[in-house]
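Hi everyone, thanks for making time. Let me put the structure up, and then we can walk through some of its salt bridges and helix contacts together.

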Amino acid sequence: IALRSACLSALSQILGSAAKSCLEPAAATQVMTSLVSVLSEDTSEPEGKKKGKKKGKDSAEKRKELRVAAIKTAEKAAHIPELVGGLSKMAGPILGSVASENIEESVASLSILQSIAASGVVAAESVCLADGCMQQVVAAAELHRAAPDIRWAIAGLFEALTNSGSDDCSMLIAHHATPIVVALAKTNDPELQMRALKILRRLAMTGINKFTMQKSYQAIHELVPLLARHDPAQQALVSEILAHMASTDNAFYGENAKALGEARALKPLMVLAKSRDSIVHRNATWALAAMTACEKNHVPMRACIDTLLMVVERGTPVAQRYAVMAVSNMAATDRTREMLKSKGAEGILRKCAHNNSGDRMLTELIHKTALHNLKRMGTQVFNIPAP
């Protein structure tokens, strides 16, 4: 075992040096074969050498050290494009180290999986669909929850999996690890917060994920307090995630629009809809519009009528469209329709259509939906689409 550990240590140094460029295909195959051999071994204490047998315990410890050495060598190999393909076939054995009590082993194994997942969609799915992958990552997060290195390693792996474009990968993360990603977004590290929020945005773009994240983990309620952050980049991301969560083309997921109202998102979104940052302004208005897809939100949302009409008058073109959608939906409810009329909504809408006559989508939204509901007591409420 000692000799094998020394050999792995030497191999690790070679893979981390300039000599790696001289690695022949046959040698690369031998590297992979040796790593598979070690990582597939059982590191538990042999039967019959249990309690009271110091020699057996020492042997088990040495085998664990051998595995750590193999994982560290594999981590070096993961940075060599020619070897990543071979590592992708070892996702199962590598997963055995993800939830290790040895934090270095855990971080190294997560780093390997990240490199594999970043090499392509097929490789990403080989990682994500490996038996127990998400459960192992969640276990590692819980075991080393206070360790910054683990947080960064998990964020890196989730980024690689979601950026791969695989729906299966994003679905499994949403199903098993939403609380982990939300926890990363709540850390005190601004850079880690941003990375976590970008992962959540990616997850929230898929229909089934929106339902799972809210139904199982109350993601909307967890994220609404983050609207109070002062960084415009984070305000834009959080409001966009919430808007994605509540924007659907399928009524099955429509309860998220109701949840956005229940989570008390109205006031912070009203503030952000007036932001001078055009992205924050657009996303907050979009989220407010998404709330109007649920008629139960209409009466409480009377408080934001002035804000929506202000956006219709002076907002950016995309924000104006969303504000018009919101006004159209709110005009489908008697109490909010009367308040819209009393605040001159019809005149504001007509002026907006006149000033933006070249924007066909906006003018049609105004004449065919908003004014129809406002003047003719229309009752149709529309789901709000993503941009």
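Let's start in helix α22, residues 360-376, where arginine 360 and glutamate 364 sit four residues apart, about one helical turn. This is a predicted model, by the way. Their side chains form a salt bridge, with the closest N and O atoms 3.1 Å apart. Why can two such positions meet at all? An α-helix has 3.6 residues a turn, so residues three or four places apart point the same way. As for cover, arginine 360 is exposed, at 63% relative accessible area, while glutamate 364 is partly exposed, at 30%.

A pair of this kind turns up in helix α3, residues 54-77: glutamate 61 and lysine 64 lie three residues apart there, again about one turn. They also form a salt bridge, and the closest N and O atoms are 4.0 Å apart. For those of you who think in cut-offs, the criterion here is a nitrogen within 4 Å of a carboxyl oxygen. Both partners are partly exposed, glutamate 61 at 42% and lysine 64 at 41%.

Glutamate 105 belongs to α6, residues 103-117, and arginine 67 to α3, so the pair links parts that are 38 residues apart in sequence. Here both residues are buried.

There is a network too: Glu346, Arg350 and Lys375 are linked by salt bridges. Over the whole structure, the search finds 15 salt bridges.

Let me zoom out for a moment. The chain has 22 helices and zero strands, and 50% of its 387 residues count as buried. Looking at contacts between residues at least 6 apart in sequence, 71% join residues at least 24 apart.

Two helix neighbourhoods to finish. Helix α16, residues 266-273, and helix α17, residues 278-291, have axes that come within 7 Å and cross at roughly 140°. The crossing is left-handed. Among the residues making the contact are Leu269 and Met270 of α16, and Ala284 and Leu288 of α17. The contact residues divide into 10 nonpolar, two polar and no charged.

Then there is helix α12, residues 207-217, whose buried residues include Lys210, Phe211 and Met213. The buried residues of α12 pack against α10, α11, α13, α14 and α15.

Methods
Residues are numbered from 1 along each chain as its sequence is written. This is a predicted model: local features need pLDDT of at least 70, side-chain atom pairs count only at pLDDT 80 or more; totals for chains, interfaces and linings use all residues. Side-chain values use heavy atoms; hydrogens and water are left out. Axes are lines fitted to C-alpha atoms, for helices over the stretch in contact, and angles run from 0 to 180 degrees between N-to-C directions. A crossing is left-handed if the near helix is turned anticlockwise from the far one by less than a right angle, and right-handed if clockwise. Contact means heavy atoms within 4.5 Å. Ala, Val, Leu, Ile, Met, Phe, Trp, Tyr, Cys and Pro count as nonpolar, Asp, Glu, Lys and Arg as charged, and the others, Gly among them, as polar. Buried means under 20% relative accessible area, exposed over 50%, partly exposed in between (1.4 Å probe, protein chains only).
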